[in-house]
Amino acid sequence: MRFVDKEVNPKQLSPLNLAFIGDCVYEMLVRETLVLDANRPVNDLHRESVKYVSAKAQTLAFEKIKDMLTEEEMSVFKRGRNAKVGHSPKSSTEGEYHCATGVEALFGYLYLKEETDRIKELFSAINT
């Protein structure tokens, strides 16, 4: 499900554009999971969500799903991972930061293709 009814070909978007939207999609999945898991104070939710959306956590997430990815999905991940981001990460290694950008690009790509079931499948594998 998308929120904006405008046609888009995600293959034509830059990997950083895909990562930009994918960051939000991934964060939404984490937040929804946490909220539905337990009714707790927002500060606790925020602290917990940071554990899942960091570059280090997204690198670990990639390790869980890499063998599940299709050729097309792996290609999108690699485009994101190899994108020139223009700045250095503060709280992770450069490798972790680039891997996280690849994960975000993948989730952005799948979102724009409206592949909700695939997003759920991958995110479920990450959370096991």
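This is a predicted model: local features need pLDDT of at least 70, side-chain atom pairs count only at pLDDT 80 or more; totals for chains, interfaces and linings use all residues.
Helices are DSSP runs (H or I, at least four residues) numbered from the N terminus. Local features need pLDDT of at least 70, and side-chain atom pairs count only at pLDDT 80 or more, whereas totals for chains, interfaces and linings use all residues. Residues are numbered from 1 along each chain as its sequence is written, and side-chain values use heavy atoms, with hydrogens and water left out.

The buried set of α1 comprises P15, L18, A19, G22, V25, Y26, E27, L29, V30 and L34. Helix α1 covers residues 15-37, and its 23 residues should span 33 Å at 1.5 Å a residue, in agreement with the 32 Å between its end C-alpha atoms; the expected span is 1.5 Å times one less than the number of residues.

Rings of Phe, Tyr and Trp (its six-membered ring) pair if their centres lie within 6.5 Å, with planes under 30 degrees apart counted as stacked, over 60 as edge-to-face and the rest as tilted. Y26 and F107 are edge-to-face, at 5.2 Å centre to centre and 85° between the planes. Because Y26 lies in helix α1 and F107 in helix α5, this pair ties together parts 81 residues apart in sequence. Both Y26 and F107 are buried.

The F62 and F77 rings are stacked, because their centres are 3.9 Å apart and their planes at 5°. With F62 in helix α3 and F77 in helix α4, the pair links parts 15 residues apart in sequence. F62 and F77 are both buried. One aromatic cluster is formed by Y26, F107 and F123.

Terms used: Helices (H or I, at least four residues) and strands (E, at least two) are DSSP runs, numbered from the N terminus. Buried means under 20% relative accessible area, exposed over 50%, partly exposed in between (1.4 Å probe, protein chains only).
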